[in-house]
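Welcome! Try each one yourself before reading its solution.

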Amino acid sequence: MPATNTDASYGFVTRTIHWLMALLVISMIPLGIYANGFAYEIKQGASDAALLDRAQLLFSLHKTVGVFIFFTALVRIVWALTQPKPEPLHPNRRSETFLASLVHWLLYASLLLVPLTGWIHHAATTGFAPIWWPFGQSLPFVPKSNDLAETFASLHIIFERVLVVSILLHLLGALKHHFVDRDDTLRRMWSGTRAVGAQAHPATK
């Protein structure tokens, strides 16, 4: 099982990072929604100690996983830039290939910008839910500022929406390849190999 990509398949490293990112992001979305639900109750005046403890726990988990996603996304992008990309199975479908590449880079950008804006928002506030790591809670060049925190909180929400749309487009594309085109796009990312004797369907689009 090769670690690196080839012109025909994805290597073990690419596939591992891909599915790790998928698991992290899938867990982060409901976690963020759940944590924000507690935050809304607190803003409405709820002051129950157990509620505050749960909110702190969830937000610390959310922030910590978010920082991990940020650095994992950096590794993924650097790895992608240094690896050959397997040839498209339908090379004549230029518009489809372009859109797939566009969605991939939109995903990469979102996977950096969503945690980064959240991290800057955290660093600009004196928050009650710390990131669970030993490197402190501040960021260089990020002062404590409510205005800055509010700006990056808004950007965090905007980029979250972009990320969700990108994920849905990526998922729809994968399902289309698997169930409509019946090609090996999903199989190449799952196992790194194509079906024995499988051939890309000739494209006319």
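Before starting, a cut-off: buried means under 20% relative accessible area, exposed means over 50%, and partly exposed lies in between. Keep in mind that this is a predicted model.

**Exercise 1.** Decide whether W119 is buried, partly exposed or exposed.

*Solution.* Start with the relative accessible area of W119, which is 9%. The cut-off for buried is under 20%. W119 is therefore buried.

**Exercise 2.** Work out how the rings of F70 and W119 are arranged.

*Solution.* A pair of aromatic rings is described by the distance of the centres and the angle of the planes. For F70 and W119, the centres are 5.9 Å apart and the planes meet at 75°. Planes over 60 degrees apart count as edge-to-face, so this pair is edge-to-face. Finally, F70 and W119 are both buried.

**Exercise 3.** Describe the pair formed by F71 and W119.

*Solution.* This aromatic pair is edge-to-face, with 5.9 Å centre to centre and 75° between the planes. F71 belongs to helix α2 and W119 to helix α3, so the pair ties together parts 48 residues apart in sequence. F71 has a relative accessible area of 37%, so F71 is partly exposed.

**Exercise 4.** Find which residues the ring pairs link into a cluster.

*Solution.* The whole structure holds seven aromatic pairs. Ring pairs join F70, F71, W119, W133 and F135 into a cluster.

Terms used
Residues numbered from 1 in each chain as written. Predicted model: local features only at pLDDT ≥ 70, side-chain atom pairs only at ≥ 80, totals over all residues. Heavy atoms only, no water. Phe/Tyr/Trp six-rings, centres within 6.5 Å; stacked < 30°, edge-to-face > 60°. Buried < 20%, exposed > 50% of the residue type's maximum accessible area, 1.4 Å probe, protein only. Helix = DSSP H or I, 4+ residues; strand = E, 2+ residues; numbered from the N terminus.
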